[in-house]
Amino acid sequence: MGIYLNPSNVDFYNAVNYSQIYVDKTELIKYTNKVLFGEQKFICVSRPRRFGKSMTANMLKAYYSRGCDSKELFEDLKISESDSFEKHLNQYNVIYLNIPPFIDESEDIQETVQFIKDDIMEELLTEFPDIQIAGRKTLDKVLATIFNTIKIPFIFIIDEWDCIFHKKYITDTDKHRYISFLNTLLK
């Protein structure tokens, strides 16, 4: 269990158990399970501010992450009535990214992307030390090698992936570099 790789369910646990305004949106998981490995597997949840996108990201990482046991957390929620509930529960390697902190600690988009790559790579190499990666250790190569070795898919959950588009100092070239990085990462 790490910060980025296979995170815990504590954020969603706190929302369900301590939030005064929690609304059960777990039926989104039912839809996600249906398209998880098909052509529609890239899902973008787009809503105005304060509509629960981060809580939804926390829900998805709690449900899919191998880094926790979330059965009790979800068993009284709507998703537990679905046939796919237990099939996908805590079965995947989840990589969770919240983009604003990376932007805040970097000088430019290139450094932002490098920080993301470095942090994910560090956790992957720590979690899977016995997997041999030949040649250069690029993030996409490490992810592919791990998948080809253990046959457990990676699920990426990226919160506020689009925040760079709201920064005035980000150039079109920066935006292109960032989108190229995401494209490579998710393919």
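This is a predicted model: local features need pLDDT of at least 70, side-chain atom pairs count only at pLDDT 80 or more; totals for chains, interfaces and linings use all residues.
Colleague: Remind me, why do residues three or four places apart in an α-helix point the same way?

Modeller: An α-helix has 3.6 residues a turn, so residues at that spacing point the same way.

Colleague: Fine. Which residues form the nonpolar patch on the surface?

Modeller: Tyr31, Ile43 and Val45. Together they have about 240 Å² of accessible area.

Colleague: Where does Ile43 lie?

Modeller: Ile43 is in the loop between α2 (27-35) and α3 (53-64).

Colleague: Switching to Asn90. Where does Asn90 lie?

Modeller: In a loop too: Asn90 lies between α5 (85-88) and β1 (93-98).

Colleague: Is Asn90 buried or exposed?

Modeller: Asn90 counts as buried, because its relative accessibility is 12% and the cut-off for buried is under 20%.

Colleague: So what does the side chain of Asn90 reach?

Modeller: The backbone nitrogen of Ser70, at 2.8 Å.

Colleague: Which residues does Asn90 touch, leaving out those up to four places away in sequence?

Modeller: Ala62, Tyr63, Tyr64, Ser65, Arg66, Cys68, Asp69, Ser70 and Lys71.

Colleague: Let's zoom out. How many helices and strands does the chain have?

Modeller: Nine helices and two strands. From the N terminus on, the order is α-α-α-α-α-β-α-α-α-β-α.

Colleague: How does the radius of gyration of the chain agree with that of a compact globule?

Modeller: A compact globule with 187 residues would have a radius of gyration near 16 Å, and the chain has 17 Å, so the two agree. Along the principal axes, the C-alpha atoms fill a box of roughly 45 × 40 × 30 Å.

Colleague: What about contacts between residues 24 or more positions apart?

Modeller: Those account for 67% of the contacts in the chain, taking contacts with a separation of 6 or more.

Colleague: Last one: what percentage of the residues count as buried, and what does the accessible surface come to?

Modeller: Of the 187 residues, 42% count as buried. The accessible surface of the chain comes to about 11,500 Å², with 48% of that belonging to carbon and sulfur atoms.

Technical notes
Residues are numbered from 1 along each chain as its sequence is written. Side-chain values use heavy atoms; hydrogens and water are left out. Helices (H or I, at least four residues) and strands (E, at least two) are DSSP runs, numbered from the N terminus. Buried means under 20% relative accessible area, exposed over 50%, partly exposed in between (1.4 Å probe, protein chains only). A polar contact is a pair of N or O atoms within 3.5 Å; within protein, one must be able to donate a hydrogen and the other to accept it, and residues adjacent in sequence count only if both atoms are side-chain atoms. Contact means heavy atoms within 4.5 Å. Patches are made of residues with over 30% relative accessible area and no salt bridge: like charges are joined within 9 Å, nonpolar side chains (Val, Leu, Ile, Met, Phe, Trp, Tyr) within 5 Å. Accessible areas come from the Shrake-Rupley method with a 1.4 Å probe; for residues, only the protein chains shown count as cover. A salt bridge is a side-chain nitrogen of Lys or Arg within 4 Å of a carboxyl oxygen of Asp or Glu. The radius of gyration is taken over C-alpha atoms; the globule rule is 2.2 Å times the number of residues to the power 0.38.
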